[in-house]
Every structure is written in C-alpha cells, then in structure tokens.
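Student: I have a structure to read. Can we go through its features one at a time?

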Amino acid sequence: MNGGRVARGAEEEEFDEFYALAYPRLVRQLYAMTGDLPEAQDVVQEAFIRAWGRRGTFASGGSRESWIRTTAWRLAVSRFRRVRRGVQLMQRHHEQRHTEGPSPERVALVEALRTLPKKHRSVVVLHHLCDLSVEQISAETGWPAGSIRVWLVRGRLSLARHFSPLPDQEVEHVG
C-alpha cells in the first residue's frame with residue numbers, strides 16, 4: 001500500500017515536471033496555429049486536464065506531448081466550428097436591426113455610476129435598476145442589511161452631487 005503511494009507520487013511528480021516544461025512550448029505552438037493566445041492557453045490547459053487522466057498510458061514524453069498537441073488542436077477546431085456555426089445561425093435567424101446608441105442621459109448615468117465605490121455602485125444598481133429590496137440584496141450578496149442601507153445613502157448622495165448644479169455643501173443638506 002505504501003509502495004503504491006510512492007509510485008503514484010513519483011508519477012504525479014513526473015507529470016508535473018512534464019507540464020512545467022511542455023506547457024509553455026505547447027501554448028506557443030497552438031498560438032501560432034490559432035492566432036489567439038487566450039484560446040491557445042485554454043485548449044492546451046484542457047488537453048493537459050484530459051491527459052492527466054491518461055498519464056499512466058503514455059510511454060514517453062514525446063508521445064504525451066504529441067497527444068496533448070493533437071488534442072489541443074482538435075479542441076481549438078471544435079470551438080472554432082461552434083462559434084462559426086453560432087454566427088451563421090445568428091445571421092440567418094436574426095434580421096439586421098439598427099439599434100440606437102445609448103442616450104446622453106444613459107451615458108451620463110453610467111459614467112456617474114463608475115465613479116462610485118464598487119459596493120455603493122452594486123447596491124444602487126440592484127436597488128434602483130433591478131428593483132430589489134434591501135433584504136433581497138442582502139440575501140443575494142451576503143452583505144448586512146444595515147451596510148446596504150448606508151451604501152445606498154452614500155451612493156445616492158454621490159450621484160446627487162454628480163448631477164446637481166448645486167455646490168457640494170448644499171447637496172449634503174438636501175434630504
């Protein structure tokens with residue numbers, strides 16, 4: 001039993017070493033083949049995950065690397081075909097519609113929301129745009145209801161200062 005653990009550990013160590021040496025080389029190769037670095041990284045990683053389950057069946061490093069390269073290439077081709085098919089379906093089944101760009105008010109609102117701290121922005125959006133109550137926001141995010149109320153007030157004040165023609169001192173006294 002203990003000998004099995006040692007052999008398994010050695011096998012895992014050998015695979016880890018192989019991964020460390022082969023991964024960068026395979027990513028470069030797949031990048032050259034696909035022209036898309038993030039895609040190359042994804043498919044090589046997926047191929048290594050699949051190879052991990054087969055790690056005992058490879059005779060030498062060369063066959064492993066070849067198998068992983070072939071598997072990664074097939075994954076890339078499969079993804080490309082899925083994306084291409086999706087685009088074809090969209091083109092066929094969705095008529096071209098001209099959509100108006102965002103209104104100046106919407107652009108201003110998004111810009112103002114981006115100035116808020118992340119939690120303030122999140123609760124303002126969830127409360128005012130998604131129509132969630134403080135309790136629903138708390139249940140969804142795990143944040144305390146009291147904190148959510150404080151962040152809502154602070155977020156509203158920041159937005160009011162952003163949109164108000166009044167000086168900052170006067171907005172703080174409003175409401």
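Student: Which residues does Val44 touch, not counting residues up to four places away in sequence?

Tutor: Contact means heavy atoms within 4.5 Å. By that test, Val44 touches Tyr23, Leu26, Val27, Leu30 and Ala72. This is a predicted model: local features need pLDDT of at least 70, side-chain atom pairs count only at pLDDT 80 or more, and totals for chains, interfaces and linings use all residues. Residues are numbered from 1 along each chain as its sequence is written, and side-chain values use heavy atoms, with hydrogens and water left out.

Student: How many residues are in the largest nonpolar core?

Tutor: In soluble globular proteins, nonpolar side chains tend to be buried together. A nonpolar core is a set of buried Ala, Val, Leu, Ile, Met, Phe, Trp, Tyr and Cys residues joined through side-chain atoms within 4.5 Å. Buried means under 20% relative accessible area, exposed over 50%, partly exposed in between (1.4 Å probe, protein chains only). Here the largest core has 17 residues, and Val44, Phe48 and Ile68 have the most contacts inside it. Two or more residues come from each of α1 (2-34), α2 (37-53) and α3 (61-93). Helix α1 gives the largest share, 7 residues. A second, separate core has 13 residues, including Ala112 and Trp151.

Student: Why does His120 count as buried?

Tutor: Because its relative accessibility is 12%. His120 lies in helix α5 (residues 118-129). Beyond its neighbours within four places in sequence, His120 contacts Trp151, Arg154 and Gly155.

Student: How many helices and strands does the protein chain have?

Tutor: Helices (H or I, at least four residues) and strands (E, at least two) are DSSP runs, numbered from the N terminus. This chain has 8 helices and 0 strands.
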